[in-house]
Amino acid sequence: MTDGPGPSGLPAPAPDPAAAVPAVPAVPPPGGEGAEQRLHVLTPLRRAWVPIAATLGIAAQQGDRVAEWAGGLSPVVRAAVLAAFVAFFAAYGFLSWWFTRYAVTAAELRIRSGLLFRRTAHIRLDRIQAVDVTRPLLARVAGVAKLRLDVIGTEAKDELAFLDERTAVALRAELLARAAGFAPEQAAGVGEAPQRELLRVRPRDLAVALALTLSAWAAVPAAAAAAWLVSWYADGPWAFAALLPVLAAAWAGTLGRFLEEYDWRVAESPDGLRLDHGMLDRAHETVPPGRVQSVRIVEPLLWRRRGWVRVELSVAGSENGVLVPVATRAAARELIARILPGADPEALEFAPAPRGSARWVVPVWWKGYALAVSPQVFAARRGRLCRRTDIVPHAKVQSVRLTQGPWERARGVADVHVDHGASGTVTARLRAADEAAALLAAQADRSRTSRADARPDRWMASG
């Protein structure tokens, strides 16, 4: 499963890496703190694709008229029109780059953008959830990178695309240090924190895991059947547009997922667990400790004989949804312990749904529902073919609800819903009604008392 540290047992924790010397020195911005900076000079090439895509879309929609109009022009006029379009695209890319600037002040990251309609984003440094560095294929060739920011309370990510790779890494380190509670004069000199690799997924194991996933088996035949039906019944080329959603789903669940999760690495650093992955587009993401709201352990049917699991995350304000795509149970257990201290999935004792009542509400599949509550976490399990276990620390619970439909009332069962800070819900289904009522009151009390001992969000701040 891994090269170096094996997944069956992660290396023993090293001394606190926060005290280590930074591996990459910080690069202070020219002009000092608060000075506005521009993006990389290659950014206009990326910005020019916006009008190009719009022009191609219009041309495709009015294909016959465009061909008829172009056919009536002389070669010289056609060349002049093409040159005018190229000049327009180049001017748009240059001006949009020229009017885009960013600056780091004592309290915020400020991003000014917009050519016709100006936009200024004020991102509070203490609200930054994570900072990811992504390197698409062409960007890696050019030596540039994209900085994407997860901010608490926002759904979309703000980004700086593109920056020089060294500048992107240094800016990321400074922003994370500010978000962690370092003073501005200290954050500028912190630099990129050192890291220690914990786990690496081998491409062979990832390929085998995907091949043993039932959803991948279903995606390929579905795409082939849809292609055959379209080719048999379609009257024109536009009918093939109906294939796009099916093909996209098949790609995302097979080869696209392999390319995205290729060479997945998990490393430990003072700012959290770092995730590096991707074959064509390389992504560098961070899972900050203290901000993980819930963990999901996924066990597909054909993985269980090998003892493999997939670990997914819910992080407030972040799109980072996977901790590791495939790992052994022991490796997953060690990783979960690092982001949810005190949580031990193997120590949880799950109580199944009551047989006499639950089987009449959800026939056959009722056996997949179970519940476990420990002093640290609330855990719910569901599924028989693909078993999913959701774990929520008591301190991350925002609200608790009990629901009971008419058929559930008739059979004396109820569902208990636990809402956490990542706008997600974990549901313990088909519990006995009296047990559900007691669980509702007890969970509200556990959540309230656990917050006093919870790890602070500003995870590197002292005190």
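Leu385 sits in the loop between β17 (377–382) and β18 (386–393); strands here are DSSP runs of E with at least two residues, helices are runs of H or I with at least four residues, and both are numbered from the N terminus. Leu385 is partly exposed, with a relative accessible area of 44%. On this scale buried means under 20% relative accessible area, exposed means over 50%, and partly exposed lies in between, using a 1.4 Å probe and protein chains only. Before we go on, please keep in mind that this is a predicted model, in which local features need pLDDT of at least 70 and side-chain atom pairs count only at pLDDT 80 or more, while totals for chains, interfaces and linings use all residues. Residues are numbered from 1 along each chain as its sequence is written, and side-chain values use heavy atoms, with hydrogens and water left out.

Together with Leu214, Trp217, Leu301, Leu302, Val364 and Trp365, Leu385 makes a nonpolar surface patch of about 660 Å². Patches are built from residues with over 30% relative accessible area and no salt bridge, joining nonpolar side chains (Val, Leu, Ile, Met, Phe, Trp, Tyr) within 5 Å and like charges within 9 Å. A salt bridge here is a side-chain nitrogen of Lys or Arg within 4 Å of a carboxyl oxygen of Asp or Glu. The areas come from the Shrake-Rupley method with a 1.4 Å probe, and for residues only the protein chains shown count as cover.

Another member of the patch deserves a look at its backbone. Val364 lies in the loop between α13 (355–361) and β16 (370–373). Its phi is positive, about 65 degrees, although Val364 is not a glycine. Val364 counts as exposed because its relative accessibility is 52%.

Strands β12 and β18 run antiparallel and are joined by 6 bridges; two strands pair if DSSP finds at least two bridges between them. Within this pairing, Glu299 stands opposite Arg387 in β18. Strand β12 (residues 292–300) also pairs with strand β13 (residues 308–315), again in the antiparallel sense over 6 bridges, and there Val298 stands opposite Arg310. Strand β12 is mostly covered, with 8 of its 9 residues buried.

Strand β5 (residues 128–135) pairs with β6 in the antiparallel sense over 6 bridges, and the bridge partner of Thr134 in β6 is Lys146. Strand β7 (residues 158–164) pairs with β6 in the antiparallel sense, too, over 6 bridges, with Arg148 opposite Glu159. In β7 you will also find Phe162, which is joined to Ala161 by a cis peptide bond with omega of about 10 degrees.

Now for an open sheet. Its 3 strands follow the order β19-β20-β21, with antiparallel pairing. The edge strands are β19 (397–403) and β21, each pairing on one side only. From one strand to the next, the twist averages 20 degrees. Strand β20 (residues 413–420) is joined to β21 by 6 bridges, and His417 stands opposite Thr427 in β21. Helix α15 (residues 433–450) lies across β19, β20 and β21, running at about 165 degrees to β19. Axes are lines fitted to C-alpha atoms, for helices over the stretch in contact, and angles run from 0 to 180 degrees between N-to-C directions; contact means heavy atoms within 4.5 Å.

Strand β21 (residues 425–432) contains Leu430, another residue with a positive phi, about 60 degrees, although it is not a glycine. Leu430 counts as buried because its relative accessibility is 0%. Leaving aside neighbours within four places in sequence, the contacts of Leu430 include Ala353, Pro354, Val361, Trp366, Tyr369, Glu408 and Val413. Leu430 and Pro354 are 76 residues apart in sequence, yet their C-alpha atoms are 7.4 Å apart in space.

Finally, the chain as a whole. It has 15 helices and 21 strands, and 43% of its 463 residues are buried. Among contacts between residues at least 6 apart in sequence, 58% join residues at least 24 apart. The accessible surface of the chain comes to about 23,200 Å², of which 61% belongs to carbon and sulfur atoms.
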